[in-house]
Every structure is written in C-alpha cells, then in structure tokens.
Amino acid sequence: MKSINEPVSLKDRAQSLDVLRGVAVLGILAMNIRLFGMPQAAYFNPQAYGDLTGINQLWFWFTNLFADQKFMTLFSMMFGAGIALMSERCAAKGLPSTGLLLRRNFWLLVLGLMHAYLIWFGDILVAYALAGFVLMFCRNWKPLTQLITGLLFLCVPSALFLTAGMTWELWPPEEQAAALVDWAPGAEVLAKELATYRGGWMEQLSHRIPTAIEFQTVVFAFFGFWRAGGLMLIGMALFSWGYFTAERSPASFRRLALVCIVLALPAIALGIVMNEQSGWAYAEAFFIHGQLNYWGSFILALGYLGLVMLWCLGDRGPKLKARFAAVGRMAFSNYIAQSLICTLIFYGHGLGAFGHLERWQLALIVFGVWALQLWWSPWWLARYRFGPMEWLWRCLSYWRVQPFRRPAPATP
C-alpha cells in the first residue's frame, strides 16, 4: 500500500485537469503584464498611464473582455479542485488527508510570501494558502452545499463594492482624495513609482513591501478571501460532478460553453462601454460598472471550462494539447517563472523597461512568454518528473525527498 508521503503518479492524473490548468496559468499573464510593465494604477484605470488609442486600445479591450479575472477565476477553481482531488486520493487509500493539506497550505504560504516580498507584490499564492486553511475543512461537504456557499461568498465583495459606490458622496473628503490618488495618480506620484522600479532591487522594496502587505490584509479581507474562497468551493463542487475531469457528456459541455459565453460577453462589453462613457470615473468604474465584469468573468470562465473540456474529449490538436497539459503540470513553476522573466525585463535590476513600453508591446512579451513556456514545459518533463517548484512543494508537503530526474531509458 502507498503511504501518504507519496505523490500522485502520472498515470493517475487526468489530462483534462492539466490542460485546463495550463490554459489558466498562461491566460493570467495577459492581465498580470500590466502590473509588471506599468504603474499600478494602469491595471484598473487605462487613463492613468500610457496611450489608449489604436492598437493599444484594441489590446486593452481584448484583455478586459476575454482575460480580466477570467483565467484567475479558472485558476482559483482549480485550486479548490486540487484540494478535493488530494482528499479523494487519500480516502481511496484509507489515509487521512488533513495533515497533508495543512502542510501543503503552510508551505504554499511560505513560498507565496517569498514570491510577494522578494520578486513581485501581485502574488496570488498567499491568498490561496490563507483561504485554503479555512476551506479545506469544507472538502467533504455535499457538492450542492459547496456550490451554494461558494456563490454566497462571491456575493460578499459584490455587496461591499456596490455599497461603497452608492455611498461615495458620503465618504470623508480625505478618504475620497486618497482613493483618487490611487486611481489617477499625478505626475509626481507616477514619477516616483517609475523611478522605484527602474532602480535596483533594494529601492523597489519601498513600494513592493507596503503594497504586498495591503494585498494580504485589507484587499484579502474585503475581496481576496471571499472571491478566491468562493471559487475554491465552487471548484470542489464542479470536480465532484466531473466537470474538471471531462466526465460529463460532450453535449453538456457544449451547452455550458454556449450559454455562458452568450450571457457573459455582452455584459462584460457593456461594462467597458459604460466605463468609457463615464470617462473612467472612479466610483462608477471601480465599484458599480465593474460588477458586470465581476460576475461576467465568473460566467465566462465556466464557458472556457466547457470549451477546454470539449477539446480534451475530442481528437484535435493532440500535440498542442499535450503541450498545454505539460504547462499545467508545471503551473507553479510557470507562474513563478512568469514573475522572474517579467521582473527581469521591466525592473531596474534587469533591463529596466518599466513604463517604457506601450500596451501592444506588452502583448508581444505575453506571446513570447507563452511560446517559451509551451516549449520548455514538455522539454523539462521529458527529463524530470516535476517542475522545480512542484518538486520542492511536494518534498515539503509529503515530508520526504521525492525522486526528481526521470530514469534514463534502458539500452538494448
């Protein structure tokens, strides 16, 4: 009998899980590139920095319509599915899973904190680990209970944002002023952030540390826990119902994709149009109109789920499918690699391109990183059992050094 200190073997993995995870980890870079390459305010407010005409506007529209929160939603649901999968594997062996899940979350927290404070403040791993400490205890709930609770979780930040937007005029003047500085910083604030990230690694800490702390406290309490946690619960339910392992019929995935895409895209597009018509006014754009993408991104992510599962059930593009699966098997390593590559391109300890590139040029970097990761992931896994971060995480979680290199093929 296998012990709890042994990871899941390759033959036990469903390719659909890996393909979907690969799609998600590549897709999130389309949005994260804004935080890597431009001042922070430009992530939400396109008028805060950079040109927004022609091809730049087209790329902005494309990413907001098809990527903004969509792939992170998939990634979050996949994390919940991972908890359910690990619990299921342990139960099948008659072994307890609580200790393993606690260790897994603890080391994810440690690695996420290192990522946030040493490399990039936009880390999501800390939020997953913190939420996971709570939601792992929901893994044995009935799927319908998980789904309903997850949807209720999603309602919390939605209600908070709507309340904030509708009471904007009642905010104290000093709080309004502080919010507007973050939304549309002046030339002096922008110049300071540009100089910080074009400077050396030590200089960057003056922005990275307080921003990471804000993300892991205020943003986590009012948004991150509820959004990520709700999606994890929904991911557990969908995993139990066979949506992540392509166990449903092709017709059900076809309906899921069609209905969700038809519902989501017009709503998300309407939100962008309303923001443009309001001149990207803070309260309306961030709190009110943003709700169309908040919910639309969840629905569209389900549509993406349907499309990917249909692909996995079919026989088209097997070589490309295998590449996406390899990216997904190395999702942790590829996520960290995206941060390392992009910070070396944009920050002062590397090429110092922060704030110098237009949006369409950022798109080229995204395409380049995608091509690189689709190439190197199968290359790496042909030689090693796991990605480097996956191997480290497994060694720490299973409390045993795992085999890393693949055995050399036997000679005749």
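These legends go with close-up views of a predicted model.

Local features here need pLDDT of at least 70, side-chain atom pairs count only at pLDDT 80 or more, and totals for chains, interfaces and linings use all residues. Residues are numbered from 1 along each chain as its sequence is written, and side-chain values use heavy atoms, with hydrogens and water left out.

View 1. Mean pLDDT (the predictor's confidence in each residue, from 0 to 100) is 93 for the chain, with 96% of residues at 70 or more. Residues 1-13 stay under 50.

**View 2. Helix α1 against helix α4.** Here α1 (residues 15-27) packs on α4 (residues 70-92) at about 145°, axes 8 Å apart. Helices are DSSP runs of H or I, at least four residues, numbered from the N terminus; axes are lines fitted to C-alpha atoms over the stretch in contact, and angles run from 0 to 180 degrees between N-to-C directions. Contact (heavy atoms within 4.5 Å) involves residues including Leu 17 and Leu 20 of α1 and Phe 71 and Met 78 of α4.

**View 3. The second largest cavity.** About 50 Å³ of space lies in this cavity. A cavity is a set of points on a 1 Å grid over the protein atoms alone where a 1.4 Å probe fits but cannot get out, and lining residues have an atom within 4 Å of a point. Points are joined across faces, edges and corners, and volume is the space filled by probe spheres set on them. Among the lining residues are Trp 59, Phe 60 and Arg 359.

Note on methods: Helix = DSSP H or I, 4+ residues; strand = E, 2+ residues; numbered from the N terminus. 1 Å grid on protein atoms, 1.4 Å probe; cavity = no way out; pocket = protein on both sides within 12 Å on 5 of 7 lines; lining within 4 Å.
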